[in-house]
Amino acid sequence: MHIVRNYPNVNWKCLWTNLYTAWISDTQRSKWYMMIHDLTPTNDRLAAIKLTETNRCSTCEAIDTTHRLTLCGESKLIWNWTRARIAAITRTKLLYVPETWTLRPVFLICPSPQRHKDIMWMLAHLVNYHMQGKRRISLLDYIEFMRRARWKADSPPTRRTAVGNYLSILDPPSSRTTHTPQARHTLGRLPLAVIYTLSAA
Ligand SMILES: [Zn+2]
């Protein structure tokens with residue numbers, strides 16, 4: 001595969017395992033799969049087949065690739081918001097949550113499979129948010145999108161075994177402390193997680 005050849009140092013086996021075992025819908029999975037393969041209609045791809053005149057992004061003028069996930073305009077704020085929550089769940093520094101995870105999620109969070117699944121859930125939703133085809137994105141709209149998704153995810157009885165209470169990190173701080181004492185208890189007592197970034201064997 002073209003993308004696998006372009007990134008020979010990526011542990012693709014780990015990446016596919018993470019993607020296929022993620023606690024997300026099949027639609028979300030296939031959208032993330034397309035993003036990983038750079039199969040979305042960015043201006044860079046469209047210009048290559050002469051469907052648009054410029055390969056530049058209309059928001060930031062950079063070459064329009066998958067940069068829209070973490071680097072373009074408001075998506076930087078959105079990424080940092082997400083990243084801060086991932087860092088809180090793993091009790092690690094922002095520095096250890098690289099933006100490459102959105103396109104190459106080759107990590108393993110030990111010793112908690114729930115925290116690992118929760119992070120994959122958040123990354124998948126971030127990618128899906130950017131693939132909605134909306135013209136305008138905003139941090140406030142994204143926070144609302146995540147909150148709705150989190151409440152929807154709360155409904156099935158499988159939630160606790162899949163991601164535990166960790167998604168409560170998406171709640172506003174006020175409701176975290178007043179309405180969900182149990183969640184606060186869980187997040188406040190989290191042991192440190194070890195993040196392994198796996199490279200190609
Ligand atoms: Zn841009």
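**Notebook: where α3 meets α6**

I began at a meeting of two helices: Gln28, Lys31, Trp32 and Met35 of α3 touch Ala124, Val127 and Asn128 of α6. By residue type, I sorted this contact into four nonpolar, two polar and one charged. I keep in mind that the model is predicted.

Next I looked up how the two helices are placed. The axes of α3, which covers residues 26-36, and α6 come within 9 Å and cross at roughly 75 degrees. Angles of 65 to 115 degrees count as roughly perpendicular, so I noted α3 and α6 down as roughly perpendicular to each other.

Then I turned to α6 itself. How far apart are the end C-alpha atoms of α6? They are 26 Å apart, which agrees with the 26 Å that 18 residues, 113-130, should span at 1.5 Å a residue. Of those 18 residues, I found 14 buried, so α6 is largely enclosed by the rest of the structure.

Last, I stepped back to the whole protein. I counted 10 helices and two strands, and along the sequence they follow the order α-α-α-α-α-β-α-α-α-α-α-β. Across the 201 residues, 26% count as buried. Looking at contacts with a separation of 6 or more, I found that 60% join residues 24 or more positions apart.

Terms used:
Residues numbered from 1 in each chain as written. Predicted model: local features only at pLDDT ≥ 70, side-chain atom pairs only at ≥ 80, totals over all residues. Helix = DSSP H or I, 4+ residues; strand = E, 2+ residues; numbered from the N terminus. Expected span 1.5 Å × (residues − 1). Buried ≥ 20, exposed ≤ 12 C-beta atoms within 10 Å, placed from the backbone. Contact = placed C-beta atoms within 7 Å. Axes fitted to C-alpha atoms, helices over the stretch in contact; angles between N-to-C directions. Parallel < 35°, antiparallel > 145°, perpendicular 65-115°, else oblique. Nonpolar A, V, L, I, M, F, W, Y, C, P; charged D, E, K, R; others polar.
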